[in-house]
Amino acid sequence: MKFMSKLQKKRDELKKDNNGFSLVELIIVIAIMAILVGIVGTQVIPYINKSKEAKDYQVVSSYSTAAVTAYSSNVAKLTTTGTTIDFDVYDSSIDENSTGDTAVLVNAIRELTYSTSAEAKNKFKSKKGDKFKTIKVHYDFTKKVVSAQAFDTSNNPMLDAAVSDM
């Protein structure tokens, strides 16, 4: 019995001394966590912009798909005899009342995607996308392909062209 009471006293004394972590221990843990966050953060940040660029490429790819759909939906209305058609989707000189093959295709693509350049600009999230100006579409009837490419305010390509088969 004496042994048990001694053991219990010892346990009670240990409980009194256990007041939690010291300030130094907490500062060390916080410093280690800050170092880890700094290392991991610098490794992750480049991947965030890469993922935004991949999303931007998907937006451009949707224009290529819309161009194929616009062509197949309106092929009976088209009178083209050429081998290619090139145009700027957001060319201000083309509106709903314009006529011709280019106008038919532009209006169909706008219906399938975004009707204004400002609406399209809101979809681009990467650093390159901040400079978005327009989308240009190229139909090549001999190769049976359609390509769409985004251009920035300096008329330079922002991303690779998205190519679809017709």
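A residue is counted as buried when its relative accessible area is under 20%, and in this predicted model Tyr90, at 13% relative accessibility, therefore falls into the buried class. Tyr63, with a relative accessible area of 0%, is likewise buried.

The structure holds seven aromatic pairs, and one of them joins Tyr63 to Tyr90 in an edge-to-face arrangement, with 6.3 Å from centre to centre and 80° between the planes. Because Tyr63 lies in helix H2 (residues 23-74), whereas Tyr90 belongs to the loop between strand E1 (84-88) and helix H3 (101-112), this pair ties together parts that are 27 residues apart in sequence.

Tyr63 also forms an aromatic pair with Tyr114, for which the centre-to-centre value is 6.3 Å and the planes stand at 50°, a geometry classed as tilted. As Tyr114 is located in the loop between H3 and helix H4 (117-121), while Tyr63 lies in helix H2, the pair ties together parts that are 51 residues apart in sequence.

Ring pairs elsewhere in the model link Tyr71, Phe87, Tyr139 and Phe141 into a cluster. A further arrangement involving an aromatic ring is found at Phe151, where the charged end of Lys136 sits over the ring, 4.7 Å from its centre.

Definitions and conventions: Residues numbered from 1 in each chain as written. Predicted model: local features only at pLDDT ≥ 70, side-chain atom pairs only at ≥ 80, totals over all residues. Heavy atoms only, no water. Phe/Tyr/Trp six-rings, centres within 6.5 Å; stacked < 30°, edge-to-face > 60°. Helix = DSSP H or I, 4+ residues; strand = E, 2+ residues; numbered from the N terminus. Buried < 20%, exposed > 50% of the residue type's maximum accessible area, 1.4 Å probe, protein only. Lys NZ or Arg CZ within 6 Å of the ring centre and 35° of its normal.
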